[in-house]
Amino acid sequence: LQARSTTVAVFVCAMTRPDERFYLPAFADAGIEVVDVCAPTSPPLRAELRARVGAALPDDGSAVAVSIAAYAAWLERRRPRVVHAFLDATNVTAGLGALAVGVPRVVLSARNLAPHHFALHQAWFRPGYRALLRSRDVRLSANSHAGAADYAAWLGIDGGAIAVVHNGVDAPHVAPSEARALRASPALGSP
């Protein structure tokens, strides 16, 4: 994207622990800005945008509402053409923030089965996803057919509405032992 003169920035809402910052050197090497939208220096969200966010999920001062407002405030300043979010909490919070400020395309990426199978599941995930998927500007993708089918069943939507985009591998950065495993994966039935 940068080679096409497209500005790329990564927005996160968790960089307080060292294990949450493991990717920073790679982004710095690539010249990609990383913004912690939940930092105390985040810009405030204007009242009318706060009302739009609250229409999707209650703006009750909870951590969820604060996170949605933080994404919306930053996205309003940056005015991106696309927001691509990964994982459930970020999909919902960044996605709703993006819709609140009128980002024209929002891509949500599911990376496993639907969240109700896991301990990290939150009750606000499903209503958040449902609010997002009512917009023509939002697309949900999954990295496997099983994940797409499971999300579709959990959300009560047509499975064909979820695009499947399999994981890729950055081959030049794979260790030799990992490369051998990747070459063997077709024999094991993996793409």
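**Figure 1. Pairing of strands E3 and E4.** The bridge partner of Val82 in strand E4 is Arg105. Strands E3 and E4 run parallel and are joined by 5 bridges; two strands count as paired if DSSP finds at least two bridges between them. The chain passes from E3 through helix H4 to E4 in a right-handed β-α-β crossover, a term that applies if, with the strands pointing away from the viewer, the path from the first strand over the helix to the second runs clockwise. Buried denotes under 20% relative accessible area, exposed over 50%, and partly exposed in between (1.4 Å probe, protein chains only). Helices (H or I, at least four residues) and strands (E, at least two) are DSSP runs numbered from the N terminus.

The model is predicted, so local features need pLDDT of at least 70 and side-chain atom pairs count only at pLDDT 80 or more, while totals for chains, interfaces and linings use all residues. Residues are numbered from 1 along each chain as its sequence is written, and side-chain values use heavy atoms, with hydrogens and water left out.

Figure 2. The 4 strands of the open sheet follow the order E3-E4-E5-E6 with parallel pairing. E3 and E6 stand at the edges with a single partner strand each, so one side of each lacks a neighbour in the sheet. Neighbouring strands are turned by 25 degrees against each other on average, direction ignored. Strands E5 and E6 pair in the parallel sense over 3 bridges, and the bridge partner of Ser141 in E6 is Ala163. Helix H5 lies across E4 and E5 and runs at about 125 degrees to E5, while helix H6 lies across E4, E5 and E6 and runs at about 170 degrees to E6. Axes are lines fitted to C-alpha atoms, for helices over the stretch in contact, and angles run from 0 to 180 degrees between N-to-C directions.

Figure 3. Leu132 is found in H5 and, at 0% relative accessibility, counts as buried. Leaving aside neighbours within four places in sequence, Leu132 is in contact (heavy atoms within 4.5 Å) with Asn91, Val92, Gly95, Leu96, Leu99, Leu108 and Val138. The C-alpha atoms of Leu132 and Leu99 are separated by 7.8 Å, although the two lie 33 residues apart along the chain.

**Figure 4. Helix H6 and its cover.** Buried residues of H6 (residues 145–155) include Gly147, Ala148, Asp150, Tyr151, Ala152, Trp154 and Leu155. Among the elements covering them are H4, E4, H5, E5 and E6. Just after H6, Gly156 takes a positive phi of about 70 degrees.

**Figure 5. Aromatic pairs.** Rings of Phe, Tyr and Trp (its six-membered ring) pair if their centres lie within 6.5 Å, with planes under 30 degrees apart counted as stacked, over 60 as edge-to-face and the rest as tilted; by this rule there are 7 aromatic pairs. The rings of Trp124 and Phe125 form an edge-to-face pair, because their centres are 4.7 Å apart and their planes stand at 85 degrees. The rings of Tyr129 and Tyr151 are also edge-to-face, with centres 5.9 Å apart and planes at 75 degrees. Tyr129 lies in H5 and Tyr151 in H6, so this pair ties together parts that are 22 residues apart in sequence.
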